[in-house]
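Let's take a walk through a protein structure together, one step at a time.

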Amino acid sequence: MEEATCPICGPGGRAENFLRARSEESLFSYLRCSACGLVFLSPRPEAAEMKGFYGEEYYGGEDRKFRSGLEVLRRFFARARVRRARRYFSGSGKVLDVGCGQGTFLQLMQEKGWEGYGTELSTRSASRPMQAGLSVSVGEIRENQFPADFFDLITFWQVLEHLRDPAAVLQRILPLLRRGGIVAVSTPNVESWQARTFGEDWFHLDAPRHLFLFSPRTLEAFMTAHGFRLQALTHFSWEQNPYGWLQSFLNWVGFSGNSLYTLIKNAPGSRKRRFTLRDQGKIYLLSAAVLPLCLVLSGVMGIIHRGATIEAFFVKE
Ligand SMILES: [Zn+2]
């Protein structure tokens, strides 16, 4: 394990205890920076140790992440993200999707005439977009991997919170983005009602994989410190937030370990067998019963600016 510091205020700052979370038999602590309010995991597993928390079950099956019906939904939401990202451009351009996963977003951008590039840490996940002919590299972005001012748009969809050194990654991508270019970020909101209501049962906490938990304020402070200006921020995410309510609720009533997520993911059968058929039935029934409420709550939280995940667009000054 290693100590972490606030990436906005740097080492030497004070931090207070924020939350403890048990995950996969270990207890993890989140601290909150006393100066800026950013929440981060500390101590945290070393990089090599962390690989153990990104196993096959995290990434889902080889061909697709979820079972088939949900794949349709996943593409629908990815298409909506493509629409939102394209609002900032009159024509097409070049896009870099950091942590592109199976490449759905990139593929849909290419269909709209964009030139798409991606990076992905998992060789397994990257193999699918590579086979589809997308330009995806495995590993973190390297210096000089792309020419300066190359990209018009760089996206971090649910990625920033996973990075060990998000400040270093932003410094590396800044020269690659042209002036006036856009960075899109979606990330869990630690100041949401969902986070506060459920605490360690909050689905989007995802300890220890989520090393940083932002809020609208800390995300803006972090991005501003690296030369970006906030253009738009929304608390509505139909892709993330209703499901967050649902799974957090199931965790809270005792179907821990993100039960529904495990069942609907295209995960190895061994994971699913943790739940008896009777429990699986209960999980599905409960889910169907509370889903309407989850949708309503997500809408309300969007309106009052307390969304469980936020999506923001920043422009490079
Ligand atoms: Zn700080």
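Ile 303 belongs to helix α12 (residues 277–303). Helices (H or I, at least four residues) and strands (E, at least two) are DSSP runs, numbered from the N terminus. Along the sequence, Ile 303 and His 235 are 68 residues apart, yet in space they are 7.6 Å apart, C-alpha to C-alpha.

The residues are numbered from 1 along each chain as its sequence is written. What you see is a predicted model, in which local features need pLDDT of at least 70 and side-chain atom pairs count only at pLDDT 80 or more, while totals for chains, interfaces and linings use all residues.

Now step back to the whole chain. The protein chain has 12 helices and 11 strands. Its C-alpha trace spans about 55 × 45 × 40 Å along the principal axes. A compact globule of 317 residues would have a radius of gyration near 20 Å, and the 19 Å of the protein chain agrees with that. Here the radius of gyration is taken over C-alpha atoms, and the globule rule is 2.2 Å times the number of residues to the power 0.38. Of the 317 residues, 39% count as buried. Among the contacts in the protein chain with a separation of 6 or more, 72% are between residues 24 or more positions apart; two residues are in contact if their C-beta atoms, placed from the backbone, lie within 7 Å.

Next, look for the sheets. Strands of a sheet pair through backbone hydrogen bonds, either parallel or antiparallel. In this model, two strands pair if DSSP finds at least two bridges between them. Seven strands form an open sheet with mixed pairing, in the order β6-β5-β4-β7-β8-β11-β10. Which strands stand at its edges? They are β6 and β10 (228–234), and each has a single partner strand, so one side of each is left without a neighbour in the sheet.

Let's zoom in on strand β5 (residues 115–120). With strand β4 (residues 94–98), β5 pairs in the parallel sense over five bridges. Val 98 stands opposite Thr 119 in β5. To get from β4 to β5, the chain passes through helix α4 (residues 104–111), and this β-α-β crossover is right-handed. Right-handed means that, with the strands pointing away from the viewer, the path from the first strand over the helix to the second runs clockwise.

β5 also pairs with strand β6 (residues 135–138), in the parallel sense over four bridges. Glu 120 has Val 138 as its bridge partner in β6. Together, β5, helix α5 (residues 123–131) and β6 make a right-handed β-α-β unit.

Which residues of α5 are buried? They are Ser 125, Ala 126, Arg 128 and Pro 129. These residues cover an arc of only 150 degrees around the axis, which puts them on the same side of α5. The arc is that of the directions from the helix axis to the C-beta atoms. The face turned away from this buried side carries the exposed residues Thr 123 and Gln 131. After α5 comes Gly 133, whose phi is positive, near 90 degrees.

An α-helix has 3.6 residues a turn, so residues three or four places apart point the same way.

Four strands form an open sheet with antiparallel pairing, in the order β1-β2-β3-β9. Within it, three bridges join strand β2 (residues 26–33) to strand β3 (residues 39–41), and Arg 32 stands opposite Val 39 in β3.

How values were computed:
A residue is buried if 20 or more other C-beta atoms lie within 10 Å of its own, exposed if 12 or fewer, and partly exposed in between; C-beta atoms are placed from the backbone.
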